[in-house]
Amino acid sequence: MRARICVRVSARHWLAVLLVPLFLFPIVVSAASYTLYIKAGTHTINGAGGATLKVWGFTDNPSAGPMVPGPLLESHEGETVTVTIYNQHTLAHNFVVRGVTTDTASIPAGSSKTYSFTTPKAGTYLFSDTLNSNVNREMGLYGALVVRAAGGVNKAWTGGLSFDLERVWIVSDMDKPRWNDIAGNGGTVSTGTYKPNYFLMNGMGGHDAMHDPNTVLQGAPGKVGLVRIVNAGQFDQSLHFHANHFRIIDDDGLRLSSPEYGDSINVQAGTTAMVLFPLRAGIYPMHVHSANLETANGVYLNGVATLLVGQ
Amino acid sequence: MNRKLLTMNIGTALAGMVLIMAPLTPVAAARLGNATVLNAANGVTINVQSMNKTMSDGKSVLFWVWCAGGGGGGMGGGGMGGGCYPSGPTLELGVGQQLNVSLSVMMAPQENAPYNGHTIHWHGLDVTQSEDGVPETGASVLGDNYKFTVDSRYVGSHMYHCHVHTVKHLEMGMYAPIIVKAVNSAGAFVDVINSGGPTYDYEWNLMYSSVDPAYHSAVGDSTVFADYNPKYFLINGNEGRSTSAPAETVTAAPGKKVAIRLLGVHSVNTSFVIKNASGSSQSFTVHNKDGYKLPSPQTLTSLNLSPGQTADVMVTLPTTAGSWYPQVTFKNLRNGGSYSGGTVYTRLNF
């Protein structure tokens with residue numbers, strides 16, 4: 001279960017405060033606290049070419065199956081984040097926030113561990129299980145930590161560029177016959193060969209991702225979307241935006257102070273990027289520009305794709 | 001093959017004219033390379049033809065390629081159309097001038113529904129939805145007329161390609177450069193690398209593509225399209241597997257400035273370098289990425305281009321005669337390892 005304890009209250013909002021439950025009353029120290037469970041289960045890619053894959057994943061719901069990707073972790077610059085992991089799987093796992101935490105020790109099957117860290121700077125981070133030669137990550141044990149500017153302002157970071165709306169796009173890949181079917185049945189994956197046949201946008205094929213309100217970048221024309229891109233897979237992905245050039249503001253944690261624009265951004269496996277995209281009137285696709293990565297087991301547009309909607 | 005050759009004599013003569021006439025009248029820089037070049041504002045009709053191409057291992061691969069008819073009349077094109085080849089014909093468009101391109105799919109090779117027909121997507125030009133060439137958002141696949149203008153931010157390299165079932169159609173060869181050019185008050189092209197940027201004496205487009213022959217025979221929702229195993233790597237539609245058999249050889253005058261436009265319509269990773277005859281990497285300056293001016297030019301000796309990206313780079317040739325070998329190494333998406341036979345060489349004589 002996820003408990004957010006991060007409430008800002010000003011005198012002007014006293015009336016609103018009266019309407020919220022008592023336990024949400026102001027707390028001086030901002031902090032975010034999460035409890036996640038590691039589980040084995042299945043994950044379904046809908047639409048033509050889709051399939052149900054065996055996966056391992058994080059979830060914040062103790063009575064549900066794994067989520068691919070895992071729950072979004074959210075915080076603000078300088079906050080303390082506490083994450084408790086219950087490993088309810090039969091194998092050892094770990095939890096590493098790339099560039100933030102350094103403890104790579106395993107959590108034995110049936111055990112739990114609590115990680116506490118202060119988020120260093122606003123940005124977008126990949127968390128994953130780094131064990132087992134990429135098998136654990138490939139099986140679905142990944143997600144994103146979003147660190148926002150302090151004070152809840154719509155800026156990419158304190159003093160940074162403004163945006164009107166934001167989306168998190170976690171892209172990834174899965175090799176069903178050679179990795180998920182094998183590892184999911186307790187076998188040993190031959191990690192030298194990796195030929196993923198599923199390419200996911202926020203855990204979905206494009207047929208779903210082009211209709212998912214949390215994925216489609218939609219707003220009034222002229223509004224600026226901040227897109228936080230996380231490549232949790234093993235293939236580099238070159239994401240092509242129709243309609244407008246984006247401005248790259250963060251290349252894997254490196255903030256770009258000078259304006260650099262593009263229509264295709266290469267997000268290397270295991271890295272992140274942030275772009276600002278001005279919406280344009282109409283409906284346009286955003287898709288990866290590598291042939292097979294546009295497909296679900298060969299079916300066109302059920303791979304890494306979504307929409308950019310200005311209306 | 002029906003490619004219009006621009007002779008090197010003309011190129012050299014034009015370079016001389018630039019020297020003499022540049023202070024008075026803008027004179028177009030010489031286009032290097034074999035591609036037909038057409039002015040997209042003059043009314044161009046694009047159609048699609050089949051072409052069997054014999055590859056370096058003797059095997060034949062079927063391509064579907066753009067061909068041009070209609071007006072055009074740009075440098076090197078002469079309005080005669082043609083250009084039927086992977087990576088051709090090149091279109092050029094002046095800032096503020098209206099592109100006028102018709103796509104005809106009559107007699108075109110095509111797939112069955114739902115992937116029948118073809119479109120043109122103006123990759124990097126940020127056109128409106130009605131001109132975007134995407135069937136899923138309403139574009140006609142049965143032929144279309146495209147009209148739009150672009151502003152000075154777009155001076156640089158862009159691409160036009162089919163956007164029907166792109167997992168196959170892009171692979172089949174329906175791609176080519178579209179170059180946005182600055183114009184003077186009389187509407188003539190001005191040879192600057194970007195708006196306010198430096199001038200050049202020659203320009204040369206290098207379009208990268210990769211070929212998995214299985215994609216050329218598979219159709220529809222085949223599982224072939226789940227896995228990509230490129231066997232051939234092309235620049236301007238040609239393999240160039242050694243410095244002695246380059247994909248394209250061009251000649252420019254020593255000491256001159258050459259704009260090299262890199263256009264990535266390939267499906268894997270790449271790295272571009274320029275080597276001299278003794279194998280030393282030569283530096284070059286990157287001015288634009290994805291057809292947009294960089295905040296400041298970057299001088300590099302190696303440049304990665306991912307699928308869908310373009311870059312405009314410039315070099316100044318040595319003043320003594322010689323050859324350089326601009327080359328692209330294609331790398332896999334998993335770990336960046338180079339493909340076997342994955343380096344494509346070109347040759348730039350001066």
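Over which residues of chain A does pLDDT stay under 50? The stretch is residues 1–29, for which the model has 19 contacts beyond four places in sequence; pLDDT is the predictor's confidence in each residue, from 0 to 100, and two residues are in contact if their C-beta atoms, placed from the backbone, lie within 7 Å. This is a predicted model, in which local features need pLDDT of at least 70, side-chain atom pairs count only at pLDDT 80 or more, and totals for chains, interfaces and linings use all residues. Residues are numbered from 1 along each chain as its sequence is written, while chains are lettered from A and ligands numbered from 1 in the order in which they are written.

**Confidence**
- For chain A, the mean pLDDT is 92, and 90% of the residues reach 70 or more.

**Domains of chain A**
- Chain A is divided into domain 1 (2–152) and domain 2 (165–310), with bounds that come from an automatic or database domain assignment.
- The C-alpha centres of the two domains of chain A lie 20 Å apart.
- Domain 1 of chain A brings 30 residues to the contact and domain 2 of chain A brings 33 residues.
- On the side of domain 1 that touches domain 2, β8(A) gives the most, with five residues; helices (H or I, at least four residues) and strands (E, at least two) are DSSP runs, numbered from the N terminus.

**Contact between the chains**
- Chain B and chain A each give 37 residues to their contact.
- On the side of chain B that touches chain A, α2 (166–172) and β19 (292–300) of chain B each supply at least two residues.

**Nonpolar core**
- The largest nonpolar core has 179 residues; such a core is a set of buried Ala, Val, Leu, Ile, Met, Phe, Trp, Tyr and Cys residues joined through C-beta atoms within 7 Å.
- A residue is buried if 20 or more other C-beta atoms lie within 10 Å of its own, exposed if 12 or fewer, and partly exposed in between, with C-beta atoms placed from the backbone.
- Among the residues with the most contacts inside this core are A:Phe277 and B:Ala40.
- Strand β4 (residues 60–70) of chain B gives the most to the core, with seven residues.

**Helix α3 of chain A**
- In α3 (residues 176–183) of chain A, the buried residues include A:Lys176 and A:Trp179.
- Seen down the axis of α3(A), its buried residues fall within an arc of 125 degrees, so they line one face of the helix; the arc is that of the directions from the helix axis to the C-beta atoms.
- The cover over these buried residues of α3(A) includes β3 and β10 (165–174) of chain A.
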